[in-house]
Amino acid sequence: MSRTRVVLGVFLAFILVAPLVLPAFHVTLLNYIGLYGIVALGLVLLTGVGGLTSFGQAAFVGMGAYTTAYLTTVYGVSPWLTLLAGLALTFAVSFFLGFISLRLSGHYLPLGTIAWGISLYYLFGNMEFLGGHNGISSIPAINFFGLALDSARKFDYLIWTLTLLALLSIHNLLDSRSGRAIRALKGGGQMAESFGVDTARMKIIIFVYAALLASMSGWLYAHLLRFVNPTPFSINAGIEYLFMAVVGGAASVWGAVVGAGILTILKQWLQDLLPKLLGQSGNFEMIVFGVLLVLLLQRAREGVMPLVLRYFRAPRRPLPAAAQVLPQRTRPAAGETLLELRGTRKAFGGLVAVNDLSFAMSSGEILGLIGPNGAGKSTVFDLVTGMLALTGGEVHFRGERIDILSARAIVPRGLARTFQHVHLLPAMSVLENVAIGAHLRGSKGVISAALRLERTEEAMLLAEAARQLERVGLAASMHEQAGSLALGQQRILEIARALCADPVLLLLDEPAAGLRYREKRALAELLRKLKSEGMSILLVEHDMDFVMKLVDRLVVMDFGEKLAEGMPQAIQANPVVLEAYLGGVK
Ligand code: ADP
Ligand code: MG
């Protein structure tokens, strides 16, 4: 049995036996760790994985707690129904708040969460019908099939069942098509978008997911204490929840439970110890907390989980067997006009990066797009793939105007790209990175992922990623971390990822940059093979040797304009080109 399973087994046994044998005080601590762990879990998803910082989670905890407190005491509604009511209310409010706040970028998002965190806190305190600052008492116990959960010991099982279910759901979610999209939000949003991920939607989803978990924790809290007042839902609590998520770290969902555990126990211990040491009472633990957090963030930015995980071998699961292969799109006939730029223009303020550029390429062709640095080649890629909006002109693909479409709508039409500066997720495996390319070839969402109902599709997506890695000759590195690959291999990874989108036109931005001689030869061979399989390629590359041997035709750009177009030999002999471009090189 693996070490992971042993530890997991011991932990589950502990959770099962603990309420029966531990002293009451420790059972209470355990209850709180579970309650806080659920909220921190949402934050691991939202902040740790998704990169969206929220200080306002305590307000959602309050929403769940107050909804049940009010409905059970005033209307006598069953707590199980008030759980649903609290979740529904939280869903509506968090969707609305997420919709507004997530448009804020950089520091404005955390500031926004502080703002509504504080507002909701004062709302709880100032609402007459919610008991003002005195709160609501006499909340009934939860009844579980006739068993009243009226003691901390009995309640512990409910808390930990829900904590473990929440943990499992997020663990499942992160290990899926949607999970890869979520993990790409931090540091790879633009790349993900270019493979069809709706990043704005993904952000809202994790925001709402985290809020729902917080609300569920609040429901539990209200029925454990049988009393609520606004204090535990203040911005201070929001900061503590964030502490927990950061201390635990995002390397594993267990970080949430570990973080909640460390902070809860430490706080209790310091609360007992510090007044004795200092000879006076006060909230000294918060000061020590602050210092510890700064130290931790200096020593271990990723939280404590990576240190813990070092003792466990990373599970290297074999690829699941896929029942079928993903369907492929119909290929255009060779020679058919594939891509056409008509007077395409892009201005960045006063700088015209692409100046009324027109050219066309047909299916089955490798077209080289060359020109000095700053000529506008990468900008052309951004315009064609919809990552930038045109200032003027049109782009047509397979007879359809695509410059009016979003990047997400363009990929499924059969266009995929690599980036001049590699855009990959270094902590994710090579296989998972490549599978992002197939995002739009799957359709299963967050809920089926959390419930593990998408395994057939997931197996097909991973099998496709493995097949493309095989195709580019990188299959041996499939399970390695993408960040550990050499630059040349990272570029090849990007080609495999683009191939995963099942493109008919591949746009490669300087794929040979940083490659050694033999790697370049292998790359040229790969591109020839792809061409022989019917792939069309638009290739930006500086290595003239590489380009001239490979391409059918060339378009030369300088200062955003087309300087020349033609066969490699003609271009090499063209005096204008020699003057402007090759002249400087040779
Ligand atoms: P190339 O890929 O041919 O080296 P680029 O397309 O990257 O050239 O850049 C063309 C010109 O546009 C350069 O002068 C560059 O500085 C400018 N440029 C590119 N992207 C932006 C941007 N997002 N904002 C402002 N200027 C840009
Ligand atoms: Mg470039």
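In which strand is Asp356 found? Select Asp356: this residue is found in strand S6. Keep that strand in mind, as the tour returns there.

**Before you start**

This is a predicted model, in which local features need pLDDT of at least 70, side-chain atom pairs count only at pLDDT 80 or more, and totals for chains, interfaces and linings use all residues. Residues are numbered from 1 along each chain as its sequence is written, chains are lettered from A and ligands numbered from 1 in the order in which they are written, and side-chain values use heavy atoms, with hydrogens and water left out.

**Stop 1: the whole protein**

Show the cartoon. The protein has 22 helices and 14 strands. Helices (H or I, at least four residues) and strands (E, at least two) are DSSP runs, numbered from the N terminus. The C-alpha trace spans about 90 × 55 × 50 Å along its principal axes.

Switch to a surface. The accessible surface comes to about 26,200 Å², and 61% of that belongs to carbon and sulfur atoms. Accessible areas come from the Shrake-Rupley method with a 1.4 Å probe; for residues, only the protein chains shown count as cover. Of the 586 residues, 52% are buried. Buried means under 20% relative accessible area, exposed over 50%, and partly exposed in between (1.4 Å probe, protein chains only).

Now look at contacts, meaning heavy atoms within 4.5 Å. Among those between residues at least 6 apart in sequence, 75% join residues at least 24 apart.

Color by charge. The protein has 50 positive and 40 negative charges, and their mean positions are 6 Å apart. Lys and Arg count as positive and Asp and Glu as negative; His and the chain ends are not counted. Each charge is placed at NZ of Lys, CZ of Arg, CG of Asp or CD of Glu.

**Stop 2**

Select residues 505–509. This is strand S11, and five of its five residues are buried. Leu505, Leu507 and Asp509 point one way; Leu506 and Leu508 point the other way.

S10 and S11 pair in the parallel sense over three bridges. Two strands pair if DSSP finds at least two bridges between them. Find Ala416: Leu506 of S11 stands opposite.

S12 runs parallel to S11, joined by five bridges. Here Leu508 stands opposite Leu539. Follow the chain from S11 through helix H19 (residues 517–532) to S12: this β-α-β crossover is right-handed. The term means that, with the strands pointing away from the viewer, the path from the first strand over the helix to the second runs clockwise.

**Stop 3: Ala496**

Select Ala496 in helix H18 (residues 487–500). Ala496 has 0% relative accessibility, so it counts as buried. Show its surroundings. Leaving aside neighbours within four places in sequence, Ala496 is in contact with Val434, Gln468, Leu469 and Val472. Then draw a distance to Thr418. The two C-alpha atoms are separated by 9.3 Å, though the residues are 78 apart along the chain.

**Stop 4: the antiparallel sheet**

Select S6, S5, S8 and S9. These four strands form an open sheet in the order S6-S5-S8-S9, with antiparallel pairing. S6 (351–362) and S9 (400–401) stand at the edges with a single partner strand each, so one side of each is left without a neighbour in the sheet.

Move to S5 (residues 337–348) and S8 (residues 392–397). Five bridges join them. Arg342 stands opposite Glu394 in S8.

Back to Asp356 in S6. Its phi is positive, about 45 degrees, although Asp356 is not a glycine. Asp356 is partly exposed, with a relative accessible area of 45%.

**Stop 5**

Is helix H13 enclosed or open? Select residues 377–384: seven of the eight residues of H13 are buried, so this helix is largely enclosed by the rest of the structure. The buried ones are Lys377, Thr379, Val380, Phe381, Asp382, Leu383 and Val384. Just after H13, Gly386 takes a positive phi of about 80 degrees.

Select Met387, in the loop between H13 and S8. At 19% relative accessibility, Met387 counts as buried. Not counting residues up to four places away in sequence, Met387 touches Gln190, Ser194, Asp382, Ala407, Arg417 and Phe419. Gln190 is 197 residues away from Met387 in sequence, with 8.1 Å between their C-alpha atoms.

**Last stop: Arg226**

Select Arg226, in the loop between helix H8 (199–225) and strand S4 (227–228). Phi of Arg226 is near 60 degrees, a positive value in a residue other than glycine. Arg226 is partly exposed, with a relative accessible area of 28%.
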